[in-house]
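Dear colleague,

I am handing over the model below, and after it I have written out what came up when I went through it. Please read the notes with the structure open beside you.

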Amino acid sequence: MATPTMDKVEAEAAASSHLITVTFRIRRFNPEISADAVWEDFQLEIDPKERVLDGLHKIKWDLDGTLTFRRSCAHGICGSDAMRINGKNRLACKTLIKDINPAKPITVEPIKGLTVLKDLVVDMEPFFQAYRDVMPFLVTTGNEPTRERLQSPEDRERFDDTTKCILCAACTSSCPVFWNDGQYFGPAAIVNAHRFIFDSRDEAGEQRLEILNDKDGVWRCRTTFNCTDACPRGIEVTKAIQEVKRALITRRF
Amino acid sequence: MSTDTTVTKSGGSGVGPVEDVALYDVDHPAPLIEAPRKRTSKTPRATRGNFEMAAWLFMRLSGVVLVVLVITHLLIQLVLDGGVSKIGFAFVAGRWASPFWQVWDLLMLWLAMLHGANGLRTVINDYAERPNTRLWLKGLLYTATVFTILLGTLVIFTFDPNIR
């Protein structure tokens with residue numbers, strides 16, 4: 001029979017013992033200090049069941065307030081905090097410390113292929129430019145109906161996978177073709193085109209296919225599956241790109 | 001917190017005032033590295049057309065045909081009926097006496113050369129970063145391809161078994 005006091009002490013001991021020491025190795029870049037990016041190590045005590053984003057918060061709030069990164073909702077929906085963690089594009093808010101071998105330093109870098117503005121913040125403009133180019137909105141002709149545009153469950157299912165995209169750029173910035181040449185539309189833009197091309201309510205599918213028939217469109221895809229591996233929403237990105245290719249061929253011949 | 005690399009910070013301890021002068025500050029930030037060929041208003045618009053689609057289709061179709069052509073070719077040349085030791089001028093002359101093998105070899109030459117050339121073209125597009133490098137590598141590639149195809153075709157059509 002333990003006294004309440006002992007209970008509390010034991011609880012405290014248990015609470016502190018599950019913390020582990022983790023090294024965060026973060027790629028820092030500040031154009032107001034240096035033209036070069038450097039690695040900086042931070043050591044902190046953290047619960048392995050916490051996320052990488054919690055670690056970044058601890059660093060920014062307790063250790064070094066100059067650390068700069070994007071995050072908005074912190075729950076895997078807004079797509080702000082895509083970064084390269086241990087060499088793989090992930091959302092910092094969906095990656096648990098225990099899942100990425102905390103015994104070794106955890107490397108955190110900005111996503112590749114886009115201009116780094118500061119620390120982990122990149123210029124997303126080329127990414128969103130490609131997104132805007134595929135016209136990611138419903139295009140119809142004729143009078144607007146007075147009620148919803150109805151669709152059968154099968155027709156909805158056709159493009160269900162690609163509606164999950166949160167525009168985090170994890171796929172596009174994992175694509176080696178995009179790294180070399182910012183001109184490639186990139187997986188994310190093609191996924192969002194796919195979402196409307198295969199929507200039975202939309203009428204501009206042919207126009208979008210023509211846009212993606214560009215020299216830097218779907219034909220630059222090398223099916224390396226980096227995008228499918230990187231997608232934090234589990235979208236089968238490469239499959240979607242292949243379906244657009246197939247549509248381009250079968251709708252013409 | 002520990003640093004494994006030196007981070008220049010103003011007012012660093014043990015650094016003299018002269019060495020401490022930072023190259024960049026708030027008013028003079030370091031130049032950012034532009035994204036390669038970032039899409040701007042000056043980028044030429046729309047390079048659409050069906051060439052890339054045709055090239056992509058050609059790679060798939062020629063690949064399938066080449067598997068049959070090349071494996072049969074290798075079997076005949078290297079494995080069946082005495083293997084490689086039987087190959088000589090007479091053996092080649094004997095095969096090219098038949099229009100069937102002439103067409104076979106011609107098809108193999110064209111498909112293999114165009115398939116390989118298109119593959120290298122995409123490799124150059126993916127890896128050559130400067131426009132000039134691209135231009136020269138592609139020029140070299142196309143020259144070599146055209147030369148090999150023309151020479152091979154010439155040999156197949158003008159082959160004379162009685163040459164001395």
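This is a predicted model: local features need pLDDT of at least 70, side-chain atom pairs count only at pLDDT 80 or more; totals for chains, interfaces and linings use all residues.

To begin with one side-chain pair, Glu236(A) and Lys239(A) meet in a salt bridge with an N to O distance of 3.8 Å, where a salt bridge is a side-chain nitrogen of Lys or Arg within 4 Å of a carboxyl oxygen of Asp or Glu. Glu236(A) counts as partly exposed because its relative accessibility is 39%, and Lys239(A), with a relative accessible area of 46%, is likewise partly exposed; here buried means under 20% relative accessible area, exposed means over 50%, and partly exposed lies in between (1.4 Å probe, protein chains only).

Residues are numbered from 1 along each chain as its sequence is written, chains are lettered from A and ligands numbered from 1 in the order in which they are written, and side-chain values use heavy atoms, with hydrogens and water left out.

**The two chains**

Chain A holds 9 helices and 7 strands, whereas chain B holds 4 helices and 0 strands and reads α-α-α-α along its sequence; helices (H or I, at least four residues) and strands (E, at least two) are DSSP runs, numbered from the N terminus. Of the 253 residues in chain A, 50% are buried, and of the 164 residues in chain B, 25% are buried. The accessible surface of chain A comes to about 11,800 Å², with 52% of it belonging to carbon and sulfur atoms, and chain B exposes about 11,500 Å², of which carbon and sulfur atoms supply 70%; these areas come from the Shrake-Rupley method with a 1.4 Å probe, and for residues only the protein chains shown count as cover. With contact taken as heavy atoms within 4.5 Å, 63% of the contacts in chain A between residues at least 6 apart in sequence join residues at least 24 apart.

**The sheet of chain A**

In chain A, 5 strands form an open sheet of mixed pairing in the order β2-β1-β5-β3-β4, two strands being taken to pair if DSSP finds at least two bridges between them. Strands β2 (38-46) and β4 (88-91) of chain A stand at the edges with a single partner strand each, so one side of each is left without a neighbour in the sheet. Neighbouring strands of this sheet are turned by 35° against each other on average, direction ignored; axes are lines fitted to C-alpha atoms, for helices over the stretch in contact, and angles run from 0 to 180 degrees between N-to-C directions. Helix α2 (residues 52-63) of chain A packs on the sheet and touches β1 (20-28), β2, β3 and β5 of chain A, its direction making about 100° with that of β2(A). Strands β3 (residues 82-85) and β5 (residues 106-109) of chain A pair in the antiparallel sense over 2 bridges, and the bridge partner of Ile85(A) in β5(A) is Val108(A).

Arg51(A) is placed in the loop between β2 and α2 of chain A and is buried, with a relative accessible area of 18%. Beyond its neighbours within four places in sequence, Arg51(A) is in contact with several residues, including Ile46(A), Ala74(A), Cys93(A) and Leu96(A).

**Further salt bridges**

Over all chains the count comes to 21 salt bridges. In one of them, Arg25(A) pairs with Asp41(A), the closest N and O atoms being 2.8 Å apart; Arg25(A) lies in strand β1 of chain A and Asp41(A) in strand β2 of chain A, so the pair ties together parts that are 16 residues apart in sequence. Arg25(A) is partly exposed at 27% relative accessible area, whereas Asp41(A) is buried at 8%. Arg84(A) forms a salt bridge with Glu109(A), with the closest N and O atoms 3.8 Å apart, and since Arg84(A) lies in strand β3 and Glu109(A) in strand β5 of chain A, the pair ties together parts that are 25 residues apart in sequence. Arg84(A) and Glu109(A) are both buried. A network of salt bridges links Lys215(A), Asp216(A), Arg220(A) and Arg222(A) with Asp126(B).
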